[in-house]
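Keep both open and click through the residues as you go.

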Amino acid sequence: MSVTGRIHSFETCGTVDGPGIRFIVFMQGCLMRCQYCHNRDTWDLHDGKEITVDELMKEATSYRHFMNASGGGVTASGGEAMMQPEFVRDFFRAAQAQGIHTCLDTNGYIRKHTEVVDEVLDAADLVMLDLKQLDDSIHQNLVGVPNKRVLDFARYLHQRGQKTWIRYVVVPGFTDDERSAHLLGEFIKDMDNIEKVELLPYHQLGEHKWEAMGFDYPLTGVSPPSKETMEKVKEIISSYTNAKVMF
């Protein structure tokens with residue numbers, strides 16, 4: 001029997017959520033409340049569309065030629081993919097059975113470490129982990145929850161030797177300062193499972209979704225970080241790690 005999940009949508013030829021051309025599934029539901037979230041409409045787990053793994057694979061495999069030719073594959077994103085781990089596990093297993101690369105894009109906020117978490121990771125060729133902020137007080141202000149579970153998950157990925165890319169959103173006033181960059185660098189410096197650190201400049205593209213849903217956008221008036229700021233953050237983090245740091 002094919003497992004059913006709830007998704008917000010999927011993107012057929014994505015190029016920014018993992019290597020190569022990717023089929024990206026945006027899962028429904030998230031426990032974080034990021035002030036800069038550009039997928040505000042994915043928070044509610046009860047919204048979205050029900051779909052089976054078989055139905056999703058039928059869509060994904062129609063793009064197999066483009067994925068394979070580019071070194072791409074499928075990515076489970078969100079929302080938060082690990083809100084529905086059984087579905088992601090079966091989706092990844094089905095993809096791998098057809099020789100398709102799998103990537104988990106997660107915020108790492110794992111409420112309970114169960115067997116299915118390991119099963120997802122076993123079926124993930126790559127994990128992209130969002131580290132929002134290493135200072136817990138700022139983290140709670142920025143995304144609404146403590147960072148302990150996220151950092152524990154990052155340590156666990158290192159323990160497993162799981163191939164990982166770190167994503168760090170540079171948000172003016174929250175994560176763009178030198179101290180925050182040093183904290184991140186210090187945290188990952190011994191994690192030899194990390195291949196890349198992607199610095200993502202904050203943008204305002206999600207503001208219209210908040211407004212369309214009747215919510216005030218928390219970061220109205222906040223501009224994207226300058227190139228100089230991005231370069232400084234890159235320089236600091238690069239001084240701690242052999243992983244490729246880029247934006």
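Let's start inside the protein: phenylalanine 91 is buried, with a relative accessible area of 1%. Here "buried" means under 20% relative accessible area, "exposed" means over 50%, and "partly exposed" is in between, using a 1.4 Å probe and protein chains only. This is a predicted model, in which local features need pLDDT of at least 70 and side-chain atom pairs count only at pLDDT 80 or more, while totals for chains, interfaces and linings use all residues. Residues are numbered from 1 along each chain as its sequence is written, and side-chain values use heavy atoms, with hydrogens and water left out.

**Confidence and annotation**

- The protein chain has a mean pLDDT of 94, and 100% of its residues reach 70 or more; pLDDT is the predictor's confidence in each residue, from 0 to 100.
- Confidence is lowest in helix α2 (residues 64-70), with a mean of 85, and highest in strand β6 (residues 126-130), at 98.
- Helices (H or I, at least four residues) and strands (E, at least two) are DSSP runs, numbered from the N terminus.
- UniProt, in an unreviewed entry, places the feature "domain: Radical SAM core" at residues 16-241; such annotations may be inferred rather than shown by experiment.

**Aromatic pairs**

- Rings of Phe, Tyr and Trp (its six-membered ring) pair if their centres lie within 6.5 Å; planes under 30 degrees apart count as stacked, over 60 as edge-to-face and the rest as tilted.
- The count by this rule comes to 5 aromatic pairs.
- Phenylalanine 91 and phenylalanine 92 make a tilted pair, at 6.0 Å centre to centre and 35° between the planes.
- Phenylalanine 92 is buried too, with a relative accessible area of 0%.
- Tryptophan 210 and tyrosine 217 pair edge-to-face, with 5.7 Å centre to centre and 75° between the planes, and both residues are buried.
- Ring pairs also link Phe10, Phe23 and Tyr63 into a cluster.

- Glutamate 59 is found in helix α1 (residues 53-61), and glutamate 59 is partly exposed, with a relative accessible area of 33%.
- Apart from neighbours within four places in sequence, glutamate 59 is in contact with Phe10 and Phe23; contact means heavy atoms within 4.5 Å.
- Glutamate 59 and phenylalanine 10 are 49 residues apart along the chain, and their C-alpha atoms are separated by 9.4 Å.

**Helix α7**

- Which residues of helix α7 (residues 178-188) are buried? They are Ser180, Ala181, Leu184, Gly185, Phe187 and Ile188.
- Seen down the axis of α7, these buried residues fall within an arc of 165°, so they line one face of the helix; the arc is that of the directions from the helix axis to the C-beta atoms.
- An α-helix has 3.6 residues a turn, so residues three or four places apart point the same way.
- The buried residues of α7 pack against α6 (148-160), β7 (164-170), β8 (194-201) and α9 (227-238).

**Single residues worth a click**

- Aspartate 130 lies in strand β6 and is buried, with a relative accessible area of 15%.
- Not counting residues up to four places away in sequence, aspartate 130 touches Asp105, Thr106, Asn107, Val150 and Arg167.
- Leucine 219 sits in the loop between α8 (207-212) and α9 and is buried, with a relative accessible area of 3%.
- Leaving aside neighbours within four places in sequence, leucine 219 is in contact with Gln35, Tyr36, Val171, Phe174 and Tyr202.
- Threonine 241 lies in the loop between α9 and β9 (244-246) and counts as buried at 11% relative accessibility.
- Threonine 241 and isoleucine 188 are 53 residues apart in sequence and 7.1 Å apart in space, C-alpha to C-alpha.

**A cis peptide bond**

- Where is glycine 79 placed? Glycine 79 is in the loop between β4 (73-77) and α3 (85-97).
- A cis peptide bond joins glycine 78 and glycine 79, with omega about 15°.
- Most peptide bonds are trans.
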